[in-house]
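Q: Can you walk me through this one? I'd like the overall picture and then some local detail.

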Amino acid sequence: MAITAADVKKLREMTGAGMMDCKKALTETDGDFDAAIDFLRKKGLASAEKKAGRIAAEGVVATVISDDNKRATIIEVNSETDFVAKNEVFTTYVDSLAKQINDGDYSDLDAFNAAQSANDASQTVAEYHKSMIAKIGENLTIRRFEKVVTDGLVVSYIHAGGKIGVIVNADCDGANENIKEAMKNIAMQIAAMNPQYVSRDEIADATLAKEKEIVIDSSLADPASLPKPILNAVIDEAVEKNLVSDEDKAMFAEKKNDKYLFNFLTDEGIQALRDVAASHKDEYLENKIFNGLVEGRFSKHLKEICLVDQAYVKAEDKENVAQYVAKVAKDNGCTFAIKSFVRFETGEGLEKKNEDFAAEVAAQMNK
């Protein structure tokens with residue numbers, strides 16, 4: 001598969017990795033973006049948090065909740081410009097779509113588009129949407145929605161004027177304003193920290209194994225953080241096998257025990273150490289010190305992606321979200337547990353078209 005400059009640019013925006021690293025990743029994975037992201041993560045060149053992509057498209061996320069707090073809908077509708085995203089006509093229209101979904105029963109976006117529009121009974125949702133495009137004068141896309149129906153309690157939170165929306169679903173046998181406030185706080189946590197799961201119990205064994213493998217490979221790709229005995233063995237092998245330049249050999253001899261050693265090495269020298277470390281992967285997995293490093297990093301990663309393990313951002317002490325939830329339940333004399341959540345961020349994974357206003361004006365004048 002031919003790898004285009006646009007592909008490289010897109011992967012670079014999604015991961016923050018360098019241009020040549022992105023090109024290599026796409027080449028190695030035959031253009032598969034998910035596989036390319038994993039390739040970069042294993043090399044320590046990209047993080048899981050950036051997988052969704054940089055926010056690029058404009059638009060708005062809206063939510064609506066039923067009066068009994070048992071049904072909630074979140075929807076994302078994209079526009080071409082931020083100006084339209086802030087337009088009252090547009091935001092009112094998006095709110096009407098969310099309300100129709102929450103009041104109705106639609107299996108997916110296709111079913112919703114084919115349904116009768118709540119804004120005009122003579123048209124389908126798709127037909128009415130076209131009329132809104134003509135009215136607003138910009139291409140609009142109903143990108144996605146999700147509806148949550150529960151026998152517990154749902155709350156929603158909108159951040160940054162509709163850039164991020166969150167719905168939190170909780171089990172609770174004593175709902176009151178304190179519980180709703182706590183759920184709103186947790187929704188704010190989700191908006192800010194972007195967890196992927198409620199708890200580790202939700203993560204499939206295959207996914208856990210894959211994430212663990214990425215942590216192992218990325219640790220080997222970061223020789224500066226290897227335990228000292230392992231790093232020294234890696235350096236010795238690289239020198240003995242002439243895998244590094246004389247310049248790097250001199251640095252090893254002079255600064256082997258200097259904590260700033262890697263600031264003095266060439267890129268080629270660091271890569272040679274990575275290659276040597278990777279070649280001993282099976283051996284190092286039997287090493288208790290290396291395994292301790294991996295387990296520590298893996299545990300930290302899980303804390304970042306699992307909501308209940310995250311440090312609660314509004315806590316005055318060091319309590320995590322699970323401890324905060326338990327405290328709220330105890331203070332209110334009820335059962336209280338986070339069941340699920342939905343988080344939409346405007347433009348996730350989409351690329352905004354490049355605007356060159358000077359060229360646009362010139363094109364208009366040439367007409």
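Q: Predicted or experimental?
A: This is a predicted model.

Q: How many helices and strands does the protein chain have?
A: The protein chain has 16 helices and six strands. Its C-alpha trace spans about 80 × 70 × 35 Å along the principal axes.

Q: And what percentage of the residues is buried?
A: Of the 367 residues in the protein chain, 43% are buried. The chain exposes about 19600 Å², and carbon and sulfur atoms supply 50% of that.

Q: Of the contacts between residues at least 6 apart in sequence, what percentage join residues at least 24 apart?
A: 67% of them.

Q: Now the largest nonpolar core. How many residues, and which have the most contacts inside it?
A: That core has 30 residues, and those with the most contacts inside it are Val234, Phe252, Phe262, Leu265, Leu273, Tyr284 and Phe290. Helices H9 (205-220), H10 (228-240), H11 (246-255), H12 (267-279) and H14 each supply at least two of its residues. The largest share, six residues, comes from H14.

Q: What is Phe252 in contact with, neighbours within four places aside?
A: Phe252 is in contact with Ile235, Val239, Val244, Leu261, Leu265 and Leu273.

Q: What about a second core?
A: A separate core of 29 residues includes Cys172, Ile179, Met183 and Cys334.

Q: Let's take H10. Which of its residues are buried?
A: In H10, Ile230, Leu231, Val234, Ile235, Glu237 and Ala238 are buried. Seen down the axis of H10, the buried residues fall within an arc of 165°, so they line one face of the helix. Pro229 and Glu240 are exposed on the other side of H10.

Q: What covers the buried residues?
A: The cover for the buried residues of H10 includes H11, H12, helix H13 (281-284) and H14.

Q: How far does H10 reach, and what follows it?
A: H10 has 13 residues and reaches 18 Å from its first C-alpha to its last, close to the 18 Å expected. Asn242, with a positive phi near 55°, follows H10.

Q: Switch to H15. What's buried there?
A: Val321, Tyr324, Val325, Val328 and Ala329 are buried in H15. Why do they line one face of the helix? Because, seen down the axis of H15, the buried residues fall within an arc of 135°. On the other side of H15, Lys330 and Asp331 are exposed.

Q: Which elements cover that buried face?
A: Helix H8 (177-193) and strand S6 (336-345) are among what covers the buried residues of H15.

Q: And the two ends of H15?
A: At the start of H15, a side-chain oxygen of Asn320 comes within 3.2 Å of the backbone nitrogen of Ala322. Just after H15, Gly333 takes a positive phi of about 60°. The helix has twelve residues and reaches 17 Å from first C-alpha to last, close to the 16 Å expected.

Q: Last one, Val313. Where does it lie?
A: Val313 lies in the loop between helix H14 (288-305) and helix H15 (321-332).

Q: Why does Val313 count as partly exposed?
A: Because its relative accessible area is 46%, and partly exposed covers the range between under 20% for buried and over 50% for exposed.

Q: What does Val313 touch, beyond residues up to four places away?
A: Val313 touches Gln189 and Met193. Its C-alpha is separated by 9.2 Å from that of Ile186, 127 residues apart along the chain.

Conventions: Residues numbered from 1 in each chain as written. Heavy atoms only, no water. Helix = DSSP H or I, 4+ residues; strand = E, 2+ residues; numbered from the N terminus. Buried < 20%, exposed > 50% of the residue type's maximum accessible area, 1.4 Å probe, protein only. Contact = heavy atoms within 4.5 Å. Expected span 1.5 Å × (residues − 1). Arc of directions from axis to C-beta. Polar contact = N/O pair within 3.5 Å; in protein donor to acceptor, adjacent residues only side chain to side chain. Core = buried A, V, L, I, M, F, W, Y, C linked by side-chain atoms within 4.5 Å. Areas by Shrake-Rupley, 256 points an atom, 1.4 Å probe, with all protein chains shown as cover.
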